[in-house]
Amino acid sequence: MKKILQYACIGIGYGSFFYLMILLYRQGIAPTRESILATLFMSALIGISAILFDIEKLNFLSALIIHFICTLSLAIGIMFYNEWADDIMHDIEFWLIFIIIYVSVWAISCISNSLRVGKINRALSKKRAKKGS
């Protein structure tokens, strides 16, 4: 349960940031209480869906494809729920923004994970060095 909550919170963080960026970019969208709550809920679900990458029986490519489809489905669903989608399937701008956000989140996640792993490795090295002394 703790892991699910952690992933949901991470998703909400990313979703909130990109929601604000979209509002900044698309001046015609007026945020409502419902659209904000729906976007936060969608972001939490996207975050939770990242648990797919922790499933050892799923290879990375399979997890990535499933996560991408889940994220895309949730994003399209929220676009319709918030009445932001006219003809979303033919809207090049939507697809470009979606791909840019998806890749950006992955880049940020990879950098964050790399920094965390580096920090853990340094701590382990210090422990080994103390034991060897």
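Analyst: What follows begins with the model and the chain, turns to the charged pair, and then visits other sites around it.

This is a predicted model, in which local features need pLDDT of at least 70 and side-chain atom pairs count only at pLDDT 80 or more, while totals for chains, interfaces and linings use all residues. Residues are numbered from 1 along each chain as its sequence is written, and side-chain values use heavy atoms, with hydrogens and water left out.

The chain holds 4 helices and 0 strands, where helices (H or I, at least four residues) and strands (E, at least two) are DSSP runs numbered from the N terminus. Its radius of gyration, taken over C-alpha atoms, is 18 Å, well over the 14 Å that the globule rule (2.2 Å times the number of residues to the power 0.38) gives for 133 residues, so the chain is more spread out than a compact globule. The C-alpha trace spans about 65 × 30 × 30 Å along its principal axes. Of the 133 residues, 27% count as buried, a class that means under 20% relative accessible area, with exposed meaning over 50% and partly exposed in between (1.4 Å probe, protein chains only).

Now to the pair itself. Side chains of opposite charge can pair when their charged atoms come close. The count comes to 1 salt bridge, defined as a side-chain nitrogen of Lys or Arg within 4 Å of a carboxyl oxygen of Asp or Glu. The partners are Lys 3 and Asp 54, whose side chains meet at 3.0 Å, N to O. Because Lys 3 lies in helix H1 and Asp 54 in the loop between helix H2 (33–49) and H3, the pair ties together parts that are 51 residues apart in sequence. Lys 3 is partly exposed at 40% relative accessibility, and Asp 54 is also partly exposed, at 35%.

Helix H1 (residues 2–25) also holds Met 21, which is partly exposed with a relative accessible area of 36%. Together with Phe 17, Leu 20 and Leu 24, Met 21 makes a nonpolar surface patch of about 400 Å². Such patches are made of residues with over 30% relative accessible area and no salt bridge, like charges being joined within 9 Å and nonpolar side chains (Val, Leu, Ile, Met, Phe, Trp, Tyr) within 5 Å; accessible areas come from the Shrake-Rupley method with a 1.4 Å probe, and for residues only the protein chains shown count as cover.

His 67 is buried, with a relative accessible area of 6%, and, leaving aside neighbours within four places in sequence, His 67 is in contact (heavy atoms within 4.5 Å) with Ile 46, Ser 49, Ala 50, Leu 52, Phe 53, Tyr 102 and Trp 106.

As for covalent links, the count comes to 0 disulfides, a disulfide being a pair of cysteine sulfur atoms within 2.5 Å. The sulfur of Cys 9 is 19 Å from the closest cysteine sulfur, in Cys 70, and therefore too far for a bond.
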